[in-house]
Amino acid sequence: MTQPRTDWTREEIAALFDLPFTELVFRAAEVHRANHPANEVQLSTLLSIKTGGCVEDCGYCSQSVKADSGVKATKLMEVQQVLQRAAQARDQGSTRFCMGAAWRNPKDRDMPSIIEMVKGVRAMGMETCMTLGMLTPEQADMLSEAGLDYYNHNIDTSPERYDQVITTRTMDDRLDTLSNVRMAGINVCSGGIVGMGETREDRVGFIHTLATLPDHPQSVPVNALVPVKGTVLGDMLADTPLAKIDDVEFVRTVAVARITMPLSMVRLSAGRESMSEMTQAMCFMAGANSIFTGDKLLTAPNAGDDSDMAMFARLGIKPMAIELTPAEVEAQRMPKGCAKLEAAE
């Protein structure tokens, strides 16, 4: 299999965005079908295992201590509670279980419980994903040893716009964690949020940053901003034309992500509850092949299981199955230290 390009220029990515809409979607569909099963979408479930009280000031997030959103801080969930929720998700058709904690970074004292969650969910035959904030190399190694399949750490937006959305960390901080995750042999899950008042140039920069990493993220979530009252961006964009990204522009973003990162899972993530069924259908045509199902994504509302299954039935889409043995799942993970080897070369 030919290795995907990691030398995309911003000019090339901008030219893709500028294509006639039908031409862009057609090209993205061709790339998708060449690398992924047609008409199959993975069902994923996301659980907040520790909600609120985060010291970061992300302008979109209701879990920040800077937000006046009414979200109450909680302690880390008990391991058994998490595993019960994972079992429920599996029984409802999810093959991927993602666990998110509202932290700047996990404390070492929390790692034993986190490790047990990973092992327990993986023992159920599901893909595992964690999003816990920034990681040290040692913490990434611990998660790798536990068998974590994916680590989510979104870059959120373009490098140029980053400090207008978040001031308590930098884009380089994000990229450092992604490097730690890659070096530990964990698959990278990294995407961002569109509809935050950014320009198309920012969306070009966002895609460019991901598509020129040493290895493409194996998972790329594309979120539409859910403007929550009490957050900086929620209050700033409320009742303005910028409060919702144009549906065509959102599909364009999905299509360009698919073309530039052909082997990645492109995940249609937050914001689906405000999208029409036809917008979602166009996203699937443009290469999105995973959704988060259930009634909630961390603290944001989400389309429910019944609604998703009805949409799948109308569109002729079937949920993606994972029929791998534990050994086969292990074989799909990135080789540990591959980023170090590349750097040495």
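Predicted model: local features only at pLDDT ≥ 70, side-chain atom pairs only at ≥ 80, totals over all residues.
The crossing in which α3 passes α4 is right-handed. On the side of α3, the contact is made by V79, V82, L83 and A86, while α4 contributes S113, E116, M117, G120 and V121. When these residues are sorted by class, the contact of α3 with α4 is found to have 6 nonpolar, 2 polar and 1 charged residues.

With regard to the protein as a whole, the secondary structure comes to 14 helices and 12 strands. Of the 345 residues in the protein, 58% are buried. Among the contacts between residues at least 6 apart in sequence, 77% join residues that are at least 24 apart.

The cysteines were examined next. The structure holds 0 disulfides, and C58 accordingly takes part in none, the nearest cysteine sulfur being that of C61, at 5.9 Å. C58 is counted as buried because its relative accessible area, 9%, is under the 20% that sets the limit for buried residues. For C98, the closest cysteine sulfur belongs to C129 and lies 4.2 Å from the sulfur of C98, which is too far for a bond, because a disulfide requires the two sulfur atoms to be within 2.5 Å. C98 is also a buried residue, with a relative accessible area of 3%.

Most residues other than glycine have a negative phi. In N39, however, which is not a glycine, phi is positive, with a value near 60°. N39 is placed in the loop that runs between α2 (21-35) and β1 (40-50), and with a relative accessibility of 42% this residue counts as partly exposed. D156 likewise has a positive phi, of about 75°, although D156 is not a glycine. The position of D156 is in the loop between β4 (150-152) and α6 (162-165). In contrast to the partly exposed N39, D156 counts as buried, its relative accessibility being 3%.

Definitions and conventions:
Residues numbered from 1 in each chain as written. Heavy atoms only, no water. Left-handed = near helix turned anticlockwise from the far one by under 90°. Helix = DSSP H or I, 4+ residues; strand = E, 2+ residues; numbered from the N terminus. Contact = heavy atoms within 4.5 Å. Nonpolar A, V, L, I, M, F, W, Y, C, P; charged D, E, K, R; others polar. Buried < 20%, exposed > 50% of the residue type's maximum accessible area, 1.4 Å probe, protein only.
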